[in-house]
Amino acid sequence: MAIVKSVVSLSSQAAVLVVLLPVIVATGKAQMSCTTQLLGLNLCRPFVVPGAIETDPSPQCCGALQSVQHDCLCSTLRLALQLPSQCNLPPLYCAN
């Protein structure tokens, strides 16, 4: 449950993740597995996008989040945070 609270509290990072999901390209079995896991997080979109009315995740969202391996989620967030510099944009800083 702690990871659910972490992801919900990082709504801007989670919103970036949701936006990037369609862009993720799988080239190997491990990546495909991660991509499939991340696609399940679309169930969490209504709870993590900026301006969301409902902030408590649904049981379906929590189940999808529980099925994502820790390294898959962390690697995706790290890659998402690197995108601005790779696009010659200022670094992304998120408020607490």
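**Entry 1: contacts and overall make-up**

I started with contact range in this predicted model. Of the contacts in the protein with a separation of 6 or more, 64% come from residues 24 or more positions apart. Next I looked up the secondary structure. I found 6 helices and 0 strands. Along the sequence the pattern reads α-α-α-α-α-α.

The accessible surface of the protein is about 6,500 Å². Carbon and sulfur atoms hold 62% of that surface. I also checked burial: 29% of the 96 residues count as buried.

**Entry 2: disulfides**

I searched the whole structure for disulfides and got 2. For the record, a disulfide is a covalent bond between the sulfur atoms of two cysteines.

I took cysteine 34 and cysteine 72 to begin with. Their sulfur atoms sit 1.9 Å apart, and the two form a disulfide. Cysteine 34 belongs to helix α3 (residues 29-40) and cysteine 72 to helix α6 (residues 70-86), so this pair ties together parts 38 residues apart in sequence. I read 85° about the S-S bond, and the link is right-handed. Is cysteine 34 buried or exposed? Cysteine 34 counts as buried, because its relative accessibility is 16%, under the 20% cut-off. Cysteine 72 has 5% relative accessibility and also counts as buried.

I then went to cysteine 44 and cysteine 61. A disulfide joins them, with S to S at 2.0 Å. Cysteine 44 lies in the loop between α3 and α4, while cysteine 61 lies in helix α5, so the pair ties together parts that are 17 residues apart in sequence. The torsion about this S-S bond is about 110°, so I noted the disulfide as right-handed. Cysteine 44 is buried at 8% relative accessibility. Cysteine 61 is buried at 4%.

With bonded cysteines counted along the chain, the pattern is 1-4, 2-3.

Which cysteine sulfur is nearest to that of cysteine 62? I found that of cysteine 61, 5.3 Å away. Cysteine 62 is in no disulfide, because a disulfide needs sulfur atoms within 2.5 Å. Cysteine 62 is buried, with a relative accessible area of 17%. Cysteine 87 is partly exposed, with a relative accessible area of 48%.

I went back to helix α5, which spans residues 59-66. Which residues of α5 are buried? My list reads Cys61, Cys62, Ala64 and Leu65. They cover an arc of only 160° around the axis, so they lie on the same side of α5. I then looked at the face turned away from that buried side. That face carries the exposed residues Pro59, Gln60 and Gln66.

**Entry 3: phenylalanine 47**

What does phenylalanine 47 touch, not counting residues up to four places away in sequence? I listed Ala52, Glu54, Thr55, Asp56, Pro57, Ser58 and Cys61. Cys61 on that list is the disulfide partner of cysteine 44. I also looked up the C-alpha separation from serine 58. The two C-alpha atoms are 8.2 Å apart, for residues 11 places apart along the chain.

Key:
Residues are numbered from 1 along each chain as its sequence is written. This is a predicted model: local features need pLDDT of at least 70, side-chain atom pairs count only at pLDDT 80 or more; totals for chains, interfaces and linings use all residues. Side-chain values use heavy atoms; hydrogens and water are left out. Helices (H or I, at least four residues) and strands (E, at least two) are DSSP runs, numbered from the N terminus. Buried means under 20% relative accessible area, exposed over 50%, partly exposed in between (1.4 Å probe, protein chains only). Contact means heavy atoms within 4.5 Å. Accessible areas come from the Shrake-Rupley method with a 1.4 Å probe; for residues, only the protein chains shown count as cover. The arc is that of the directions from the helix axis to the C-beta atoms.
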